[in-house]
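Please open the structure in a viewer and keep the selection tool at hand.

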Protein chains: 2
Amino acid sequence: MKISALQKARYEYQPKLPGMLRHGIAEIGVKEGEATQSVADQAKIKALFPNTYGKKEITFEKGTNTSVAKKQVVGVILSGGQAPGGHNVVCGLYDALKAINPENVLYGFKNGPSGLIDDDYVVFDDEFINQYRNTGGFDIIGSGRTKLETEAQFEVATKVCQKHGITAIVIIGGDDSNTNAAVLAEYFAAHKTGVQVIGCPKTIDGDLKNDDIECSFGFDTATKTYSEVIGNIERDANSAKKYWHFVKVMGRSASHVALECALQTQPNICLISEEVAAKKMSLSQIADYIADSVEARANNGMNFGVAIIPEGVVEFVPEFSVLIAEINELLAGAKAEAFNALATWKEKYAFIEKGLTSESMNVFKILPEGIQKQLFLERDPHGNVQVSLIESEKLFSELVKNKLVERGFKGRFNPLHHFFGYEGRCAFPSNFDSDYCYSLGYNAAMLIQYGYTGYLSKISNLSKPASEWVAGGMPITKMMNIERRHGEDKPVIRKALVELDGKPFKYFEAHREEWAKETYFLYPGAIQYYGPAEVCDATTKTLALEQEK
Amino acid sequence: MKISALQKARYEYQPKLPGMLRHGIAEIGVKEGEATQSVADQAKIKALFPNTYGKKEITFEKGTNTSVAKKQVVGVILSGGQAPGGHNVVCGLYDALKAINPENVLYGFKNGPSGLIDDDYVVFDDEFINQYRNTGGFDIIGSGRTKLETEAQFEVATKVCQKHGITAIVIIGGDDSNTNAAVLAEYFAAHKTGVQVIGCPKTIDGDLKNDDIECSFGFDTATKTYSEVIGNIERDANSAKKYWHFVKVMGRSASHVALECALQTQPNICLISEEVAAKKMSLSQIADYIADSVEARANNGMNFGVAIIPEGVVEFVPEFSVLIAEINELLAGAKAEAFNALATWKEKYAFIEKGLTSESMNVFKILPEGIQKQLFLERDPHGNVQVSLIESEKLFSELVKNKLVERGFKGRFNPLHHFFGYEGRCAFPSNFDSDYCYSLGYNAAMLIQYGYTGYLSKISNLSKPASEWVAGGMPITKMMNIERRHGEDKPVIRKALVELDGKPFKYFEAHREEWAKETYFLYPGAIQYYGPAEVCDATTKTLALEQEK
């Protein structure tokens, strides 16, 4: 068998475009808005982007297409981690380019940004691209994590573009990749290469969003996939009535995924890293918070529950970050040798006890032994603790267990552990992501045709039906500020964290007490691509709450 | 929010009955077939079931309902692990009972078979049952693992039945529960209680099937759910091109789940426990088999792959079973004290080396240290090794890594690990399981109305559309043989293992070489409840292959 029944059926799906892009290329007019300013550090950003700063926001509308006819040769790049819908961005871009002019050509640079430097590419045609319509994955051309950021890379990129007569590059990526897209656009403009650059907002983490970008693509499908299995686990917990499930979900630097999954499934507990940081919560406080729910439920005869843990949460616990910094210092350089020379864990433990401050030692002490050892024994090539390897779902269930013992808890507490990440990054895109991504790609072609560069393809009004979506573009520099990265001031797109005064968190906060004590589980079930619109076409609760009037 | 959009939509789904049950109760006639014999040990089984042995197979057909009008008071029990569709068995049973006579009553005994003994129940009405139509989970009345098998339990059960005027008990369970259903039916018949017993074949493991029962319910939905996420992981592997995913799936005593997932997703590797046992494979041979695929793929530039591992596989490796037996012996009773008194792992290791045969020591030596320690340090209350706790997905990835090092493998091998079990047991039942389960329950009511006892509700011809399904019943004794269990000869339903000369395995065997070397991944996507029939209504590949003409 070559393809599944669903894949075959999904080939037939025709993604929905925003209303103003539905009348054919000849009737897509443009409306320019006000000149833009970056969200902060305007003078510095302007100095860094003299050729691309301060451009106008633009919106497409039904009207006369006033763009100048010109053959376009476009290159597209997938950058970073997979997100459902990436293939549809490419398909939308391809379809629009061909609709504008059948002579237009689309190159796909392979395996991420390095494909542009290595001049490794495919040229798309109908037969090839049709195999990828409405499918998940980035396998159409592969992806990669090479960053395009040095002058030397830009020079090579220029040569490759000139060789093929490329007029524009479309970069599909997250905040870093789009920051780099802006820098590349500036370089191309400064060097008068005639090559435009357009970005598309991708990431399942949901942390690329702001006043202009309502959400990144892939977030909808990934969170629906995680919520499906979390809901199934909730129903299992509520049927078997004997396990506490600790479910870790992807999201190292922000907890949008955890929050959205919580809104969709109403678990007993969901940690939000941003709140942990804001309230400067300790591991012990977090463990107490969970243990309170375990106890309250046990008192009502419910020895089961579900807790969602965002992947990066321990990095947001202030005392834990201090501990990690101390460990890194304690083992820096030659100091590691003395430690490694010690034969037994007991001797090593004594070394640690002597080396850490008493505050950090108190944190270290409450950790399960497995994690204590991991912190000291598994370090990266630079000798640093590998925080991302810490199984925080197991850490917290262990801490909760210890708390319950301390409290003299008489009930049962049987934890089970899960981690969902890879399961959702390549799912067949939901109808929302299929439509949104196709629109982003189609819209990117229109931005190219109209001559814009340094813009992010922008589709908005997303909680409404696609017919009411608004297509346009926003200068990437508008989303930038200056941040300290690796000891240097750099212009970057501000990463969106969960806002503790935002509506999605407020809704969660208003309900979590009753969710913790009672059983309000919601079972969203598998993503549906067919059937009633309220089942198939609704987007995330996060977006619905954010856009609620 | 109280229920999800999908749950609301699923309430409206009308499950499909077999054609002959669609004409209304008055037109369901019965056709009795030949008297039956048990599949083996006929004399012994007959002696154990004097009142219920040798009954006739029966089939329902369109015709005149010749059953005797009588008010039915039925009790239903969910037994053992959750399986998608359990709620629909109850709904089908309820609807048929009410259609036969609105005065009929359905009791639901709570939290498994113990509910019958404890007289803990609910009485169903429309409002209550409508909340559970076409939903996953067993939360409607809960489930439990208490076994009904002693005379004392049967006496209590009789009293409870008499108290409520119960005329029949329906037990929804796996092979053990249905074996016990047959024993209970015999007891009720021998004691002239007038209470009938009907079983329904449930288990996601797929190991309750035979010449009469084509498949147990829940297998379809659970394997589709696992295959969805395995397919997503495959697409991720094929996009990122840098990880080998080792995916463990539920199935301790049989590998039907692993095989069905492999047929649905075409991974590079799938182990089948029954084959491992039949070929007496060693851990080293299995590791070599996987390492061959890793090497071959790396040589073709593919440093990624997916391997499916059935949960129970290590218990099927003969040398491993011997090792476990030796360890249990080595630590039996007081001998554990000497071992526990040793302070360091080094000393313990020396103790082990002295105690094991050299053959078993050779097996022990190649295990990763974590698993070596687990075998000796984590034992159950009887001092036995807890084989089910062994993370076989990590065991095999570690063994493969060691093999690759031995072979001087120069490529990359980055393994990641997953376990899918709880994710699939409570999913919304697929259309197939919704229909099949509803039919099983509806059919059970007809068997009751016609006065049968000791029967399994039987729906067959399942790879065809529901209109062509055949409804009837089969004496449970027909599926029994005598097996040695815990030192006793017991009559039991023969457990179905994967047949190595059966069509599903043969199909897998014919393709696995090319799957191992090339990339033939299939992406089934999420279960669809709406849309094209070939996407929504197709059942398992296992069944399709088994019933292929």
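This is a predicted model: local features need pLDDT of at least 70, side-chain atom pairs count only at pLDDT 80 or more; totals for chains, interfaces and linings use all residues.

Begin by selecting Glu275(A) and Arg512(A): both residues are buried, where buried means under 20% relative accessible area, exposed over 50% and partly exposed in between, computed with a 1.4 Å probe on protein chains only. The two form a salt bridge whose closest N and O atoms are 2.6 Å apart; the term denotes a side-chain nitrogen of Lys or Arg within 4 Å of a carboxyl oxygen of Asp or Glu. Glu275(A) belongs to helix H10 (residues 273-278) of chain A and Arg512(A) to helix H19 (residues 503-517) of chain A, so the pair ties together parts that are 237 residues apart in sequence. Helices (H or I, at least four residues) and strands (E, at least two) are DSSP runs, numbered from the N terminus.

Residues are numbered from 1 along each chain as its sequence is written, chains are lettered from A and ligands numbered from 1 in the order in which they are written, and side-chain values use heavy atoms, with hydrogens and water left out.

**Further salt bridges**

Over all chains, the count comes to 66 salt bridges. Select next Asp176(A) and Arg485(A), whose closest N and O atoms are 3.5 Å apart in a salt bridge. Because Asp176(A) lies in helix H7 (residues 175-190) of chain A and Arg485(A) in strand S14 (residues 480-485) of chain A, the pair ties together parts that are 309 residues apart in sequence. Asp176(A) is partly exposed, at a relative accessible area of 30%, and Arg485(A) also counts as partly exposed, at 22%.

Move to chain B and select Asp119(B) and Lys163(B), whose side chains meet in a salt bridge (2.5 Å, N to O). This pair links distant parts of the chain, 44 residues apart: Asp119(B) is in the loop between helix H4 (114-118) and strand S5 (121-123) of chain B, and Lys163(B) is in helix H6 (residues 151-164) of chain B. Lys163(B) is exposed, with a relative accessible area of 58%.

**Aromatic residues in chain A**

The structure holds 48 aromatic pairs over all chains. Rings of Phe, Tyr and Trp (its six-membered ring) pair if their centres lie within 6.5 Å; planes under 30 degrees apart count as stacked, over 60 as edge-to-face and the rest as tilted. Select Phe432(A) and Tyr436(A), a tilted pair with 5.5 Å centre to centre and 35 degrees between the planes. Both lie in helix H18 (residues 431-449) of chain A, four residues apart, about one turn of the helix, and both are buried. Then select Phe339(A), Trp345(A), Tyr349(A), Phe351(A), Phe364(A) and Phe376(A), which form one aromatic cluster.

**A buried asparagine**

Which backbone oxygen does the side chain of Asn134(B) reach? Select Asn134(B), in the loop between helix H5 (126-130) and H6 of chain B; its side chain reaches the backbone oxygen of Arg10(B) at 2.8 Å. At 1% relative accessibility, Asn134(B) counts as buried. Not counting residues up to four places away in sequence, the residues that Asn134(B) touches include Tyr13(B), Asn88(B) and Phe428(B), contact being heavy atoms within 4.5 Å.

**Where the chains meet**

Finally, display both chains: 61 residues of chain B are in contact with 61 residues of chain A. The area buried between chain B and chain A is about 4,500 Å², of which carbon and sulfur atoms give 53%; buried area is the accessible area (1.4 Å probe) that two parts lose on being put together, summed over both. Select Met1(B), Arg235(B) and Tyr422(B), which supply 16% of the area that chain B buries against chain A, more than any other three residues.

How many salt bridges are there between chain B and chain A? The count is four. To view a salt bridge joining the two chains, select Asp139(B) and Arg235(A), whose side chains meet at 2.9 Å, N to O.

Note on methods: A polar contact is a pair of N or O atoms within 3.5 Å; within protein, one must be able to donate a hydrogen and the other to accept it, and residues adjacent in sequence count only if both atoms are side-chain atoms.
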